[in-house]
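Please read them with the coordinates open.

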Amino acid sequence: MPTLRRIYQVTSRLIFSSPLTIPSLLTRTIATATTTRAMSSAMSSATAAAKRLQGKTVVITGASSGIGRSCALEFARTQPHDLRLILTARREDALRELAAQIRDEVGDGVKVLPVKLDVSKPDEVRGFVGGLPEEWRDIGVLVNNAGLVKGVAKAPEIAEADIAVMFDTNVTGLINMTQAILPVFKARGTEGGAGDIINIGSIAGREPYAGGSIYCASKAAVRAFTDALRRELVATRIRVMEVDPGQVETEFSVVRFYGDKSKADAVYAGCDPLTPEDIAEVVVFVATRRENVVVADTLVYPSHQAGAGVLHRKS
Ligand SMILES: NC(=O)c1ccc[n+]([C@@H]2O[C@H](COP(=O)([O-])OP(=O)(O)OC[C@H]3O[C@@H](n4cnc5c(N)ncnc54)[C@H](OP(=O)(O)O)[C@@H]3O)[C@@H](O)[C@H]2O)c1
């Protein structure tokens, strides 16, 4: 009894001598509990994401720049202890620099293999998996990101070379990469295979615009291929997913204007475009859902965009 009285005395002194009222104490207690719950749920979802990537081998095409480069960093940050990244593009130096950056940032837990690969060359793609060292062949995630746009010409003035490079890279390259890696996925597990294919499409594949007919057609082809493939693989554990960015500031527009940086900058004037990191976060999110969850189709805009040509520019 004396102990109980003592507790009562201390508690009432605390309550009545404190500037805090009972409701405010309650509010603080509830707020603290909510924050703790939110923190622990954020921690557990980060832990779950890391666990789902553990031991996996991820292939990223077009990893030398922009979205592909950011995807490599985001995968490494999400699972810094046990991951293999195969980074491919034509610019080998940029891949090697990225590999060094990843090593500096997360250490040796992420093994990185830079591979020079031009996806528009069917022979190179055909030899890709066979050319990997044995311990790198167990690929679990393919991010088909390599892609480009050339020019703003309208028919009938579109250069044949531009038509060819856009289709060879964005469409044939993506399809060939998928066909090269699918046998690895199909040989995994007992349910017809397992693995993730994440194709980077575009708003341009959903809403064609003047001056972008070939690029738009190529991204519409990516969309059709992706949707058909998901149907073909429905009896397997192979997830086929597409992420369609809106306006993202990368080297994309510099490539479109054949290296003219001032024309490229004008594309983003008065806008607040997405960053490649924004798209990388979505790519890693879809790759780290529970095995039975397929985030089949995602469209990502910056807040000033509501369609392919619907952009609010601050004057
Ligand atoms: N930026 C946007 O607004 C936007 C919007 C929607 C969709 N996308 C799509 O996002 C993807 C990435 O573009 P990004 O914005 O990050 O542009 P980016 O900065 O120009 O990066 C493009 C990447 O693709 C690679 N690539 C180009 N041709 C290749 C080839 N033949 N073989 C292998 N790699 C090749 C480039 O590497 P190398 O030059 O070293 O080969 C580079 O790493 C593309 O599929 C693009 O269509 C971009």
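1. Basis. This is a predicted model, in which local features need pLDDT of at least 70 and side-chain atom pairs count only at pLDDT 80 or more, while totals for chains, interfaces and linings use all residues. Residues are numbered from 1 along each chain as its sequence is written. Helices (H or I, at least four residues) and strands (E, at least two) are DSSP runs, numbered from the N terminus.

2. The sheet. Seven is the strand count of an open sheet with parallel pairing, in the order S3-S2-S1-S4-S5-S6-S7; two strands pair if DSSP finds at least two bridges between them. Strand S3 (110-116) and strand S7 (297-300) are at the edges with a single partner strand each, so one side of each has no neighbour in the sheet. On average, neighbouring strands are turned by 15° against each other, direction ignored.

3. Strand S5 (residues 194-200) and strand S6 (residues 237-245) run parallel and are joined by 7 bridges. Ala194 stands opposite Arg237 in S6.

4. Helices on the sheet. H3 packs on the sheet and touches strand S1 (56-61), strand S2 (83-89), S3, strand S4 (141-144) and S5. The direction of H3 makes about 170° with that of S2. H7 also packs on the sheet, touching S5 and S6, and its direction makes about 160° with that of S6. Contact here means that the C-beta atoms of two residues, placed from the backbone, lie within 7 Å. Axes are lines fitted to C-alpha atoms, for helices over the stretch in contact, and angles run from 0 to 180 degrees between N-to-C directions.

5. H6 with H7. The axes of H6 and helix H7 (residues 213-232) are 9 Å apart, at an angle of about 15°. H6 is therefore roughly parallel to H7 (under 35 degrees counts as roughly parallel, over 145 as roughly antiparallel, 65 to 115 as roughly perpendicular and the rest as oblique). The crossing is right-handed, a term used if the near helix is turned clockwise from the far one by less than a right angle, left-handed being anticlockwise. Residues of H6 in the contact include Ile163, Phe167 and Leu174, and those of H7 include Tyr215, Val222 and Phe225. The contact divides into 12 nonpolar, 3 polar and 2 charged residues; Ala, Val, Leu, Ile, Met, Phe, Trp, Tyr, Cys and Pro count as nonpolar, Asp, Glu, Lys and Arg as charged, and the others, Gly among them, as polar.

6. H3 with H4. H3 and helix H4 (residues 92-106) pack at about 25°, with axes 10 Å apart. That makes H3 roughly parallel to H4, and their crossing is right-handed. Arg69, Ala72, Leu73, Ala76 and Arg77 in H3 meet Leu98, Ile102 and Val106 in H4. By class, this contact has 6 nonpolar, no polar and 2 charged residues.

7. H3 with H10. The axes of H3 and helix H10 (residues 276-287) come within 8 Å and cross at roughly 50°. H3 is therefore oblique to H10, and the crossing is right-handed. Among the H3 residues in this contact are Gly66, Arg69 and Leu73, which meet a set in H10 including Pro276, Ala280 and Val284. The contact of H3 with H10 divides into 9 nonpolar, 3 polar and 4 charged residues.

8. Ligand shell. Which residues come nearest to the ligand? Of the 31 around it, they are Gly62, Gly66, Arg90, Arg91 and Gly147. A residue is near a molecule or strand if its C-beta atom, placed from the backbone, lies within 6 Å of it. Helix H3 (66-78), helix H6 (160-186) and helix H8 (252-256) each supply at least two residues of the shell, and H3 gives the most, with 3 residues. By class, the shell has 13 nonpolar, 14 polar and 4 charged residues.

9. Backbone details. Ala155 and Pro156 are joined by a cis peptide bond, with omega of about 10°. Pro156 lies in the loop between S4 and H6. Tyr258 has phi near 50°, a positive value in a residue other than glycine. Tyr258 is placed in the loop between H8 and helix H9 (261-267).
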